[in-house]
Amino acid sequence: MKIYTMRSRLTLCVLLFWLALPLTSFTGADTFSESHKFYLSVTTVEYAQKEESLQIISRIFIDDLESALQARYDLKADLGTPGESAQGIEYIERYFNSKFTVFINGEVREYTFLGRKYDKDQVVCYLEISELPEAGLESVGIQNEILMDIFEEQKNLVHLKILGAKKSYVLVRENNKGMLNL
């Protein structure tokens with residue numbers, strides 16, 4: 001009986017470790033140095049039937065986005081700090097408009113950049129495409145090149161959840177598009 005109990009505890013500990021490991025990848029600014037070992041953004045795209053809109057939330061490491069703004073626009077943004085550049089949000093929106101594209105039924109659709117907030121070491125950006133009736137919705141595609149111009153190893157995880165259909169993609173430089181057919 002003691003062997004079974006110890007084995008169960010060990011199994012539980014290993015299981016909890018593997019379940020908790022992904023959670024630690026997005027916690028605490030002290031977790032990473034300026035040059036962390038992986039480059040990842042996570043974007044969730046959902047269709048809100050009641051509002052007839054496509055709602056997009058994208059999470060990006062602050063230091064990586066700052067590097068992109070510095071390299072692309074020569075802007076020292078200091079995002080999420082008291083010294084944040086007044087132009088920070090304008091340049092985040094400009095960067096998104098140049099690197100993030102939404103396709104509805106195969107055609108590019110413009111989105112509204114609603115804003116951003118900071119969550120520990122991440123910037124969370126909110127985008128929306130409104131006036132999108134469910135009846136004419138056949139496919140939703142995302143081209144996400146965020147940070148791929150700065151970091152060769154950049155991966156952009158995209159979760160599409162639309163009208164009961166779900167699909168996830170890991171987008172990289174060589175394959176930066178994902179589509180969900182409805």
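## Exercises on packing, pairing and aromatic contacts

The count of aromatic pairs comes to 5, where rings of Phe, Tyr and Trp (its six-membered ring) pair if their centres lie within 6.5 Å, and planes under 30 degrees apart count as stacked, over 60 as edge-to-face and the rest as tilted. The model is predicted, so that local features need pLDDT of at least 70 and side-chain atom pairs count only at pLDDT 80 or more, while totals for chains, interfaces and linings use all residues. Residues are numbered from 1 along each chain as its sequence is written, and side-chain values use heavy atoms, with hydrogens and water left out.

**Exercise 1.** Classify the aromatic pair of Tyr39 and Phe151, and locate both residues.

*Solution.* Step 1: the centres are 4.1 Å apart and the planes make 10 degrees, so the pair is stacked. Step 2: Tyr39 lies in the loop between α1 (2–24) and β1 (40–48), and Phe151 in the loop between β7 and β8, 112 residues apart; helices (H or I, at least four residues) and strands (E, at least two) are DSSP runs, numbered from the N terminus. Step 3: both Tyr39 and Phe151 are buried, buried being under 20% relative accessible area, exposed over 50% and partly exposed in between (1.4 Å probe, protein chains only).

**Exercise 2.** Classify the pair of Phe100 and Tyr111, and state whether each residue is buried or exposed.

*Solution.* Step 1: the ring centres are 5.9 Å apart with the planes at 75 degrees, so the pair is edge-to-face. Step 2: Phe100 belongs to strand β3, and Tyr111 to the loop between β4 (107–109) and β5. Step 3: Phe100 is buried at 1% relative accessibility, and Tyr111 is buried at 12%. Step 4: Phe96, Phe100, Tyr111 and Phe113 form one aromatic cluster.

**Exercise 3.** Describe how α2 (62–73) and α3 (88–99) pack.

*Solution.* Step 1: two packed helices are described by the angle between their axes and the distance between the axes. Step 2: for α2 and α3 the angle is about 85 degrees and the axes are 11 Å apart; axes are lines fitted to C-alpha atoms, for helices over the stretch in contact, and angles run from 0 to 180 degrees between N-to-C directions. Step 3: the two helices are therefore roughly perpendicular (under 35 degrees counts as roughly parallel, over 145 as roughly antiparallel, 65 to 115 as roughly perpendicular and the rest as oblique). Step 4: the contact (heavy atoms within 4.5 Å) includes Leu65 and Leu69 of α2 and Tyr91 and Ile92 of α3.

**Exercise 4.** Determine the strand order of the open sheet and identify its edges.

*Solution.* Step 1: 6 strands follow the order β5-β6-β2-β1-β8-β9, with mixed pairing; two strands pair if DSSP finds at least two bridges between them. Step 2: β5 (112–119) and β9 (165–171) each have a single partner strand, so one side of each lacks a neighbour in the sheet. Step 3: the twist averages 15 degrees from one strand to the next. Step 4: β8 (residues 155–162) and β9 are antiparallel and joined by 7 bridges, with His159 having Ser168 as its bridge partner in β9.
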